[in-house]
Amino acid sequence: MNADAPRPFRGIVRRTARACPLLLAAALLCGCWDRTEIEDRAIVLGVSIDKAPPEAENEEESVTHYVKGLGPPASDLIRVGVQLALPGRIPLGPGESGGGGGNDPQKTVWVVDVVGHSVNDALMNLQQELSARLFFGHLRVIVVSEEMARFGLENIDDYFHRNSEVRRMAWMMVSEGEALSLMKASPKLERVPSLYLMTTLDEGIRMGKFPQDYIGIYWSRKSKLGQEGFLPYVKLKKNQTLQTKGLALFQDSRMVGATKPLGIAVYMALKGNNPGGYSAFVKVNGTEVMTHVTHRESKTTFELRDGKPFFNFKMAFELNLEEKLNDELNIQDPTTIREIEQSQMAGAKKLIEEFIGQSQSLGSDVLGLGEYVRAKAPGYWNRNVRTKERWQRMYKEIEYKIDIDMKIRRIGMKAE
Amino acid sequence: MTKATRDVTATQASAVLVSTIIGVGVLPLPLFAVRAADTGGPLVTLLGSVCALIGLLFVAALGMRFPDQSIIQYSERLIGKWPARAIGACLIVFFALLTSLTAREFGEVVVTSVLKQTPVEVTVIVMLMLAAISARNTMSTFAYIHFFYVPLLLVPVLLIVALSLKNAELLNLQPFWGNKPEGMLQGILTIAALFQGSFVMTIVIPAMRRPAKALSVSLYSILIAGGLYVVIVIAVVGVFGAQETRKLLWPTLELAKATSLPANVLERLDGAFLAVWVTAVFTTLLSSYYLTSQSLKQLLRLEEPRIFTFFLLPFVFVLAMVPANIVKMYEAVLNVGKVGLALTTVYPGLLLVIAWVRKKRGSAHER
Amino acid sequence: MPLFGNRTHLLSGKTRRGNRGQSESPSEPDSGRGDGSPVRKPLNGRLAELLADVTDVLGTDTTLSVRRFRIFGTFPAAMLFFPNMLDQAALNETILKPAMSAPPGSDLSDWTAQRLMDRLANEALWHTDCSETEDFDALIQGLLHGDTVLVADGSNAALVIGTRQIDKRGIDQPGTEQVIRGPREGFVEPIGPNLALIRYRLQAAELRMRQLTVGRKTRSKVVICYMDGLTDPALLAEVERRIGAIDIDAVLDSGYLEQYIEDNQWSPFPQVQYTERPDKVVANLLEGRVAILVDGSPLALIVPTVFNQFYQAVEDYTERFMQMSAIRMARLVALVFSLVFPSIYVSVISFNPELIPTEFAVAVAGGRAGVPWPAVVEVLIIEISMEVLREATIRLPQQVGGALSIVGVLVIGQAAVAAGFASPITVVIIALTTIGSFATPAYNAALALRLLRFPLIIIAGIFGLYGVMIGLILIANHLLSLKSFGVPYLSPLVPVNFEGMKDVLIRGPLWWMKRRPAFLKPGDRVRVGPEMTEPPETIGEEGGASPTSTAKE
C-alpha cells in the first residue's frame with residue numbers, strides 16, 4: 001500500500017502544479033475585481049440628511065434619471081451632507097502635531113453636500129463629483145434633521161438597511177435644526193468630528209446617560225409589532241458641543257415628538273438600564289438636595305384586567321446624595337433620609353406618568369408594552385390586536401400602576 | 001487505497017456529519033424559521049432537526065443492515081436492479097443539484113456582501129474547484145478533513161452567539177410556539193431539508209471501523225448540528241425580534257455584523273465571519289460532491305472515482321448558474337430541498353421496510 | 001548479530017569497517033559494482049602481482065604508501081595505507097613493531113605463509129580491529145576507507161586493520177538547536193562519535209543500530225537506529241526498503257537521503273525531521289521512531305515525522321511544564337503569524353477596511369497615502385527584499401552579518417517609509433512576520449511556511465479574506481492528506497488521540513504522558529510507571545499518615 005500511495009497523489013500535485021500558472025494567469029488577466037486600496041476609498045464617517053427647499057432642484061443634475069417618464073420621483077428633495085476622512089491629514093500614531101494641522105478637526109475631514117430625490121440619488125450625484133469610491137464601512141453617525149424625521153424615514157432606513165457596508169452599530173440621531181451643521185461642527189476633543197458625535201453617545205451609554213440605541217436596535221424596535229423606535233434627539237450648542245436633548249419618539253417611521261432630557265432618565269428607569277446616570281433635585285422640608293441614581297432595577301408585568309391590558313411597573317433605585325443647597329438638613333437623621341426618599345418617589349412617579357402620558361398621546365409605544373401583550377397573551381393579541389396600527393390605537397388607552405422603591409445608600413465623604 | 005480499509009472512527013463519522021450539515025444553510029436559517037412561525041422559530045428548528053434525525057436514522061439503520069454497501073448498492077438487492085438504478089440516478093442528480101445550489105448560494109452571499117465587483121461565476125467556480133480537488137482524496141483523508149474543520153465551524157458561531165446574547169431579550173422569543181403557527185409544518189420541512197447533506201452517511205458507513213455505531217453517530221451529530229441550529233435561531237430572534245428577522249436575507253450574517261469583539265479588536269465580525277464560513281461551506285460542498293462522484297462511480301460500477309471529480313465539475317457549474325437571480329435561487333433551494341426530502345427520507349424509509357419484510361441483510365461484518 | 005557499537009572505539013572515534021556483508025540488507029548494492037575494479041578476483045598470494053593490481057586500480061596515487069618489510073624478519077610482506085587518514089604513531093606501535101619482531105618465546109618454525117594472517121591477528125598484532133579477507137575489492141575498500149592493509153607473499157588472505165583516524169572537530173554546541181537548559185552536545189561529522197553519543201545516553205540492550213552502505217561512489221555508511229520491541233517492525237521494514245532502493249552515486253549529507261525517502265517530494269512541508277542533538281534522537285527512539293545517521297553528516301534524520309515536532313524544542317521538556325506550555329503557545333502564534341499575517345493585512349487594507357477601528361483605518365489610509373502601489377505589491381516588494389536581506393545575512397561571515405542586519409532593518413525600513421516607498425504599518429507587519437518565522441525551532445518547517453506566504457499574499461490580493469481562507473483550506477487539506485512513513489502528518493490532532501493531545505498545544509506534565517504516542521504503534525506503550533501519577537509527596541506534608549510513606553520510614 002505504501003508503495004503506490006504516493007503515486008496518485010503525485011498525479012494530483014502535478015495537475016495542481018499545472019493548474020497553478022493557469023489560475024495565476026486567469027487571476028492576472030481578469031484583474032482583482034474588488035481590490036480598492038484604503039486610501040483610494042472615500043471613507044464616509046458621517047452623513048447628514050436635511051430636507052431641501054424646492055428651489056434646490058436647480059442644483060441637481062440628472063445623474064440617476066434622464067428621461068422625463070422615468071423619474072425623478074415625486075418625493076421632495078433632500079440635501080445629503082457627507083463627512084469624508086481626508087487621508088494624510090490625520091497623522092498615524094498619537095503624535096500631537098503630525099501633518100498639516102492635525103489639531104484643527106475641520107481640516108481632517110471634508111464635508112460635502114448634495115441634493116437629490118432620495119438618499120441614493122443624492123449619493124450618486126455626489127459620486128459623480130468624487131474621484132474615490134464612497135465607502136460606508138466606517139459610517140458611524142447619521143444625522144437627520146427634525147424636519148426630515150417628521151416627514152418620515154422610510155427611504156433613509158431602507159437605503160442604509162440594504163447597504164451591506166453600513167454597520168448596525170452606527171448611530172442615527174435627530175437634530176434640532178439643520179443636520180448639516182453637525183457635520184460641519186468642529187469639537188476639540190476628537191481629531192475626527194463625527195467620531196466626537198459618536199463618542200458622546202457611546203460614552204453616554206457607559207455613564208448611564210443614554211440607552212443603547214444603535215441604528216440596528218432602532219430598526220429592530222421599529223419592526224416589532226408592539227413597539228416603536230426612538231432616536232436620540234440632539235442639538236449643536238454654541239461651544240460646538242453636542243447636547244442630548246431627549247428621545248425623538250417615532251410612530252412607524254415618522255417622528256411624532258420629543259421628550260425632555262429627563263425623559264431619557266425616565267425611559268432608562270422604566271427599562272431598568274444600568275448604570276444610573278441622572279441626578280435630580282428633591283424637595284425636602286422646604287429646602288432641596290440633589291441625588292444621583294446609581295442603580296436601577298425595573299420589572300414590568302402585564303395582566304389582562306377586564307379584557308384590557310394592564311401594566312405594573314415595579315422599580316427600585318439606589319441613590320447617592322450628591323449635594324445640599326444649604327445646611328438646614330441633618331442627614332444623620334434617618335427620618336430625613338426617609339423623607340428624601342419619599343419625596344423623590346413622588347417626584348419620580350410624576351415624571352413617569354408624564355412620560356407615559358406624552359408617549360400615549362403621541363401614540364408611540366417606545367417602551368414596547370405591546371410586545372408584552374404579544375408575548376405573554378398571544379391569544380388575546382391574535383383576537384384583539386394583530387396589527388401594529390391597532391396596537392398604536394390601543395396603546396393610548398392602556399392603564400398602569402407604578403411601584404417605586406428608593407433607597408439612599410451613600411452620602412459622600414461628608415458626615416452630615 | 002483498497003476498498004476494504006475501514007478506519008473511520010465513530011468520532012470522525014460524527015464530524016463528517018456535523019460539518020456536512022453545518023454549511024451555507026446557517027446564513028438564511030433564521031429567516032426560514034421565522035417565516036414559518038415568527039417567534040416560534042426555535043421550536044420549528046428543533047422539530048425540523050427531529051424530522052431530519054428520523055430520515056438519518058433510516059439511512060443509518062439501512063447501513064447497519066448492509067455494513068459493506070452504500071445505498072446505491074444495496075437498493076439493487078432490495079427492489080431490483082432497474083428501479084434501484086433509476087432512483088439511484090435521481091439521487092445523484094439531486095446531490096449534484098444540491099452541490100451546485102450550495103455553491104451558488106454562497107457565491108451570492110459573498111458577492112452581495114464582500115466581493116461586490118467579482119463575478120459570481122468566479123466565486124462559484126473557486127468553491128467548486130476547491131471541493132473537486134479535495135474530493136479526490138481517500139475516504140480516510142475525507143474524514144480527516146471534516147474532523148479538522150469541525151472546531152472552525154462551531155467556534156465562530158458559538159462566539160458570535162455568546163457575544164450577542166447579552167443584547168437578546170426573552171420577550172422576542174415569546175410565545176415559544178409563535179403568534180401565527182400556521183406555517184409550522186411547512187417550516188419544519190424546509191428546515192429538515194437543510195440537513196440533507198447528512199445523507200453522506202450512506203458512503204461513510206462502509207468505511208467505518210464499527211458500523212454498528214452508526215445509530216449513535218447519527219444521534220450525536222444531529223444533536224450537535226441541530227443544537228447549533230437552534231442556538232443560532234434563538235440568538236438571532238432574541239436579538240433582532242421576529243419581525244426584524246423577517247426583513248433580513250441572511251440574519252446570521254447580520255448578527256455577526258451587529259457583534260463586535262470586546263475591546264474593539266474587530267469592530268464588526270461579518271467580514272471575518274464570512275471568511276471563516278468558507279470552511280463550513282467547503283466541507284458541505286466536499287461532502288455532496290464526494291457523495292455524487294462516489295455514487296456515480298458505484299452506479300456505473302467503475303473502479304477509478306478520481307476521473308469523475310473533474311468530469312462532474314462543468315455540469316455542476318452550469319447547474320449552479322441556472323437561477324437568474326437571488327430570489328429565483330432561493331425558490332430553487334426550497335423546492336429542491338422538498339423534493340430531496342422524499343429521496344433522502346422517504347426512500348430510505350421504504351427500503352428499510354422492504355429489507356425488514358424480505359428479511360434481507362448484508363454480509364455480516366467480520367468484527 | 002553482534003551489536004555494531006560494541007566494536008567501536010568510543011573515545012578515539014575510530015570505527016571498524018569490519019563486519020561488512022554481515023548485517024547489510026539484501027537489497028544493498030553489490031560492493032564493487034560499477035566502480036574502479038573491473039574484475040573481481042580472489043587473492044592468489046603473489047605479493048608483486050597484488051601490488052601491481054593495487055596500483056592499477058588506484059592509478060598513480062602518490063599519497064598511497066607501500067611499506068615493504070619482512071614479518072618476523074622472515075616473510076616478505078607489505079603494508080598499504082594512506083598516511084593522511086591514520087595515526088602513523090599508532091601504526092608503528094601496534095602493528096609494525098609486533099609484526100617485525102617475533103613474539104617472545106614463540107617458535108617460528110611452525111609459522112607458515114599460508115596461515116600467516118590468521119595467526120598474526122590472533123597472536124602477534126596488538127590491535128583490536130583486524131579482519132581477514134581474501135577479496136581484493138574488500139581490500140581496496142578498506143584502503144580507501146583509511147584502513148591499513150597487510151599482505152604477505154604466499155598468503156591468500158590479507159589483513160584489513162582498522163587504523164582510520166580522520167581529524168574531526170570537537171563535539172560542540174549544536175549551532176542550529178541551541179537551548180538554555182539541556183545538554184550542550186551536538187553531533188559531529190564522523191558517524192562513530194555520533195553513535196557513541198547516542199549509546200552513551202541510551203544504554204539499553206534493545207537499542208539496535210543497523211548499518212547500510214549507500215552511494216555508488218561515496219559508499220557512505222548509513223546507520224539505522226531503533227529500539228527493538230518498541231519500534232513498529234512494519235515501520236522499520238519500510239525505512240529499510242526505502243533506503244535500500246536508493247541508487248545514487250553520492251550521499252554527501254543526510255539531506256540527500258531525506259529527499260529520496262520522503263513520502264511526497266512535491267510538498268513544501270518537510271516529512272522528515274533532522275536534528276543535531278543526540279538527546280533529541282534518543283527521545284525520539286524511545287517514542288518508537290527510527291533515526292537515520294549518515295557518515296559525514298552531523299544531522300540525524302528522524303522518521304516518521306508529524307507536524308507538531310517542528311515547533312517543539314528540547315527545552316519544552318527540560319524546563320517545567322507550565323512555563324513551557326505558555327512558550328509553546330507563543331511559538332504557535334509565531335508560526336501562524338509567519339504564515340498569514342501579511343495576507344490578512346493585504347485583505348484588510350484592500351478589501352475589508354471596515355474590520356479595523358475607524359480611527360485606525362483613517363490613520364492607516366493616511367500612512368498609505370503617498371505609497372504609489374497597491375498594498376499587495378507593496379507587501380510583496382518588502383517581503384522579497386526581506387528574504388534577500390535574510391539570505392544575505394545567513395551567507396555573510398558572522399562579523400559582517402550582524403552589521404548588515406542592523407543596516408537592513410533600521411536604515412532601509414526607515415528610509416523606505418520616509419521615501420514614501422512603503423507605509424509604516426507595512427514595515428511593522430513584515431517585521432512581525434519575519435520575526436515570527438524565526439521563532440519556529442525547525443528551519444525547514446519555517447522555510448515551508450515562508451514559501452507558502454507568497455501564494456497567500458497573491459490570492460489575498462485577488463479575493464481578499466475569502467482568498468486567504470481558500471488558500472488556507474488548500475494548505476490544510478494538503479497537510480491532512482500528507483503522510484510520513486504511513487503516519488498521518490497532523491497526528492495526534494487528526495486522527496485524534498487524546499493521549500497525544502497532551503503534548504500538542506501545551507506540554508503536559510511529564511507524569512501525564514504515561515504512554516508513548518499511539519500513532520507510532522510502539523510495541524510497548526507504557527513509559528511511566530503506574531505509580532507515578534504525580535510527583536512523590538513531600539514527607540511531612542501529611543504527617544506520614546499514608547501507609548506507603550510510613551512504610552518507607
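Good morning, colleagues. Please keep in mind throughout that the structure is a predicted model.

I begin with chain B. Its secondary structure consists of 15 helices and zero strands. The radius of gyration of chain B is 20 Å, close to the 21 Å that the globule rule gives for 367 residues, and chain B is therefore as compact as a globular protein of that length. Taken along the principal axes, the box filled by its C-alpha atoms is roughly 55 × 40 × 35 Å. Of the 367 residues in chain B, 61% are buried. If we consider contacts in chain B between residues at least 6 apart in sequence, 85% of them join residues at least 24 apart.

How confident is the predictor in chain B? The average pLDDT is 88, and 97% of the residues score at least 70. Confidence is lowest in helix α14 (residues 306-320) of chain B, with a mean of 85, and highest in helix α10 (residues 214-240) of chain B, at 94.

Let me turn to the interface between chains B and C. Here, 22 residues of chain C are in contact with 25 residues of chain B. Which element of chain C gives the most to this side? It is helix α16 (residues 465-481) of chain C, with eleven residues. By class, the side of chain C that touches chain B comprises 17 nonpolar residues, four polar and one charged.

Is S423(C) buried or exposed? S423(C) is buried, because 27 other C-beta atoms lie within 10 Å, and the cut-off for a buried residue is 20 or more. Apart from neighbours within four places in sequence, S423(C) is in contact with G367(C), R368(C) and V371(C). By contrast, the C-alpha atoms of S423(C) and V272(C), 151 residues apart along the chain, are separated by 39 Å.

Finally, chain A. The domain assignment gives domain 1 (38-64 + 74-258) and domain 2 (261-410). The C-alpha centres of these two domains of chain A lie 32 Å apart. Their contact takes 21 residues from domain 1 of chain A and 27 residues from domain 2 of chain A. On the domain 1 side, the elements giving two or more residues are β8 (242-251) and β9 (254-258) of chain A. β8(A) gives the most, with seven residues. That side of domain 1 has nine nonpolar, seven polar and five charged residues.

Thank you for your attention.

Methods: Residues numbered from 1 in each chain as written. Chains lettered and ligands numbered in written order. Predicted model: local features only at pLDDT ≥ 70, side-chain atom pairs only at ≥ 80, totals over all residues. Buried ≥ 20, exposed ≤ 12 C-beta atoms within 10 Å, placed from the backbone. Contact = placed C-beta atoms within 7 Å. Helix = DSSP H or I, 4+ residues; strand = E, 2+ residues; numbered from the N terminus. Nonpolar A, V, L, I, M, F, W, Y, C, P; charged D, E, K, R; others polar. Rg over C-alpha atoms; globule rule 2.2 N^0.38 Å. pLDDT = per-residue confidence, 0-100. Domains from an automatic or database assignment.
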